[in-house]
Amino acid sequence: MVHVDIAAEKLFAIGPLTVTNSMIGALLASILLLLAARWFTRRSGIVPSRGQSLIELPIELLAGIVRGTGGKRWRQFAPLILAIFLFVLTANWLSLLPGVGTVGLAEEVDGKRIIVPFVRAGAADLNFTLGLALISFVAFISFGLRANGVRGYLKELLIAEPAYMTPLLTPIHLISELSRVISLSMRLFGNVFAGEVLLATMLALTTATLFTLPLAFVVPGVFVGLELLFGLVQALVFALLSMTYITLAIAEHRQHGSSDDHSGAAPEQATAPAHGAA
Amino acid sequence: MGPDQGKDERPPSANWAVAFDLGLRLGISVILGVGGGLLVDSWLHTSPIFTLIGMVLGIGAAMYTIWDVARQSMRR
């Protein structure tokens with residue numbers, strides 16, 4: 001019986017490091033992206049082939065969005081946003097391949113025989129999504145610090161206007177900031193994990209009786225198609241929200257009327273024409 | 001940037017991302033406030049004082065989030 005547990009299952013341990021099946025999923029996505037990057041940098045041409053155009057399509061789509069939304073400094077954070085998007089997209093779509101989540105070791109738990117899969121969707125583990133959300137959190141704080149300076153950023157975060165409201169507004173502000181990390185991580189985890197459960201349920205329902213068995217060749221396929229779409233949407237949402245947070249952290253600087261630039265960005269870089277994606 | 005600098009260049013896709021985010025952040029703000037209050041209460045044995053304070057702060061943070069998103073949207 002296919003079994004979906006909320007926590008990733010332990011496969012083996014290397015010293016103190018426990019390796020889970022979702023870590024294998026994330027590692028496979030990383031390896032795939034590295035191989036694709038290597039192949040792409042060696043074989044890409046100025047006039048793109050069909051394969052190259054296909055690979056460039058999602059990158060150009062997101063680069064266009066970052067260029068349109070990210071303000072003058074879009075080039076500084078476009079690589080991070082594109083990397084997050086491609087990593088989450090690859091990890092999500094990898095989990096839909098045959099064998100992922102279904103091929104594994106049979107184990108007996110509480111008298112029931114279950115399958116512990118060798119590979120599980122990376123984002124179906126909260127550790128993966130929380131890690132990515134923390135990267136995004138550190139990125140938007142560091143962009144905020146570069147734009148406002150340490151003093152300006154801390155003043156913005158900890159001191160309210162008017163100053164006597166500080167004891168009330170500072171905890172509110174901190175809760176609001178912290179909610180971004182949790183919202184980013186829980187959304188991705190919730191959607192991908194729910195997708196895994198949905199696919200397992202559909203498979204279990206359609207294979208439950210001989211009468212419904214023909215449906216097993218159609219119904220799970222429909223849901224796999226939907227999961228392809230949800231995987232793309234969730235990767236896009238995660239990347240766009242990271243970009244929005246970074247853009248807002250930089251924009252605070254301009255809105256509070258400070259004219260000194262702490263980022264060290266050259267003026268020609270800041271006003272560079274919007275072509276030639278990152 | 002071109003001559004249309006200052007216009008809202010944000011594509012619609014970026015707007016849905018903010019919309020997706022807003023609903024979840026409202027709930028999470030309240031949960032964080034109440035959860036933090038419960039933790040402090042269980043630590044100091046002062047139940048339910050900090051739970052109530054945390055709840056008020058959580059609801060305040062949720063309202064602040066809405067105000068912040070609306071303020072950013074209006075500025076664009």
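Two strands pair if DSSP finds at least two bridges between them. The legends below describe a predicted model.

**Figure 1. Strands β3 and β4 of chain A pair as an antiparallel hairpin.** Strand β3 covers residues 104–109 of chain A and strand β4 covers residues 112–117. The two strands run antiparallel and are joined by six bridges. Within the pair, A:Ala106 stands opposite A:Ile115 of β4(A). Two residues lie between the strands of this hairpin. In the turn, A:Asp110 has a positive phi of about 50°.

**Figure 2. A:Val119 is a buried residue in a loop of chain A.** The loop that holds A:Val119 runs between β4 and α4 (126–158) of chain A. Around A:Val119 there are 23 other C-beta atoms within 10 Å. A residue is buried if that count is 20 or more, and A:Val119 is therefore buried. Leaving aside neighbours within four places in sequence, A:Val119 is in contact with A:Asn21, A:Ile24, A:Gly25, A:Leu28 and A:Val100. A:Val103 is 16 residues from A:Val119 in sequence, and their C-alpha atoms are 7.9 Å apart in space.

**Figure 3. Helices α4 and α5 of chain A pack against each other.** Their axes are 8 Å apart and meet at an angle of about 150°. Angles over 145 degrees count as roughly antiparallel, so α4(A) is roughly antiparallel to α5(A). The crossing of α4(A) and α5(A) is right-handed. On the side of α4(A), the contact is made by A:Leu126, A:Thr129, A:Leu130, A:Ala133, A:Leu134, A:Ser136, A:Phe137, A:Leu157 and A:Leu158. These meet A:Thr170, A:His173, A:Arg180, A:Val181, A:Leu184, A:Ser185, A:Leu188 and A:Phe189 of α5(A). By class, the contact of α4(A) with α5(A) has 11 nonpolar residues, five polar residues and one charged residue.

**Figure 4. Helix α5 of chain A packs against helix α2 of chain B.** The crossing in which α5(A) passes α2(B) is right-handed. From α5(A), the residues in this contact are A:Pro171, A:Ile172, A:His173, A:Ile175, A:Ser176 and A:Ser179. From α2(B), they are B:Leu57, B:Gly58, B:Gly60, B:Ala61, B:Tyr64 and B:Thr65. By class, the contact of α5(A) with α2(B) is made up of six nonpolar, six polar and no charged residues. A:His173 takes part here and is also one of the residues of α5(A) that meet α4(A).

**Figure 5. Chain A and chain B touch through 24 residues of chain A and 24 residues of chain B.** On the side of chain A that touches chain B, the elements giving two or more residues are α2 (50–69), α5 and α6 (219–255) of chain A. Of these, α5(A) gives the most, with 12 residues. By class, this side of chain A has 12 nonpolar, nine polar and three charged residues.

**Figure 6. The loop between α1 and α2 of chain B holds B:His45 and B:Pro48.** Helix α1 of chain B covers residues 12–44. B:His45 has a phi near 55°, a positive value in a residue other than glycine. A residue is exposed if 12 or fewer other C-beta atoms lie within 10 Å of its own; B:His45 has 6 such neighbours and so counts as exposed.

**Figure 7. Chain A has seven helices and four strands, whereas chain B has two helices and zero strands.** Along the sequence, the elements of chain A follow the pattern β-β-α-α-α-β-β-α-α-α-α. Of the 278 residues in chain A, 32% are buried. In chain B, 28% of the 76 residues are buried. Among contacts between residues at least 6 apart in sequence, those joining residues at least 24 apart make up 72% in chain A and 50% in chain B.

Technical notes
Residues numbered from 1 in each chain as written. Chains lettered and ligands numbered in written order. Predicted model: local features only at pLDDT ≥ 70, side-chain atom pairs only at ≥ 80, totals over all residues. Axes fitted to C-alpha atoms, helices over the stretch in contact; angles between N-to-C directions. Left-handed = near helix turned anticlockwise from the far one by under 90°. Contact = placed C-beta atoms within 7 Å. Nonpolar A, V, L, I, M, F, W, Y, C, P; charged D, E, K, R; others polar. Parallel < 35°, antiparallel > 145°, perpendicular 65-115°, else oblique.
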